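Thank you all for coming; I would like to take a few minutes to walk through one model and its side-chain pairings. Please have a look at it first.

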Amino acid sequence: MDYSAAVIPVTRADKSVDRFDHQYQPLNEVDRKNWEAYDPETYDGAPVGLQIVARKWEEEKVWAIAKILDTALRNRSE
């Protein structure tokens, strides 16, 4: 595959915020399986990150986008 990628840690899952949404309608079978697998108790405290993926040889683009997003995420809590 050899894609350029970066991961930015954002927050942690919080069972009091990230509740199971019983109103949600899955888009397809794969979406339904993922939706049903979610358990707020299991994932409470788990890290949540943002993944940026680009084509091969586009490391500079990934790095630039990651810097912009990291700055934006840091400034939102100020």
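A salt bridge, as I use the term here, is a side-chain nitrogen of Lys or Arg within 4 Å of a carboxyl oxygen of Asp or Glu. What we have is a predicted model, in which local features need pLDDT of at least 70 and side-chain atom pairs count only at pLDDT 80 or more, while totals for chains, interfaces and linings use all residues. Residues are numbered from 1 along each chain as its sequence is written, and side-chain values use heavy atoms, with hydrogens and water left out.

The structure holds 6 salt bridges. In one of them, the side chains of arginine 32 and glutamate 36 meet at 2.5 Å, N to O, and both residues lie in helix H1, 4 residues apart, about one turn of the helix; helices (H or I, at least four residues) and strands (E, at least two) are DSSP runs, numbered from the N terminus. Salt bridges with shared partners join Glu29, Arg32 and Glu36 into one network.

Which parts of the chain does the pair of lysine 56 and aspartate 2 link? This salt bridge, at 3.7 Å from N to O, connects the loop between S1's partner strand S2 and H3, where lysine 56 sits, with the segment before S1, where aspartate 2 sits, 54 residues apart. Aspartate 2 is exposed at 52% relative accessibility, whereas lysine 56 is partly exposed at 41%, where buried means under 20% relative accessible area, exposed over 50% and partly exposed in between (1.4 Å probe, protein chains only).

Let me turn to the aromatic rings. Rings of Phe, Tyr and Trp (its six-membered ring) pair if their centres lie within 6.5 Å, and planes under 30 degrees apart count as stacked, over 60 as edge-to-face and the rest as tilted. The count comes to 3 aromatic pairs; tyrosine 24 and tryptophan 35 form a tilted one, 6.0 Å centre to centre with 50° between the planes. The rings of tyrosine 38 and tyrosine 43 are stacked, because their centres are 5.7 Å apart and their planes at 10°. Phe20, Tyr24 and Trp35 form one aromatic cluster.
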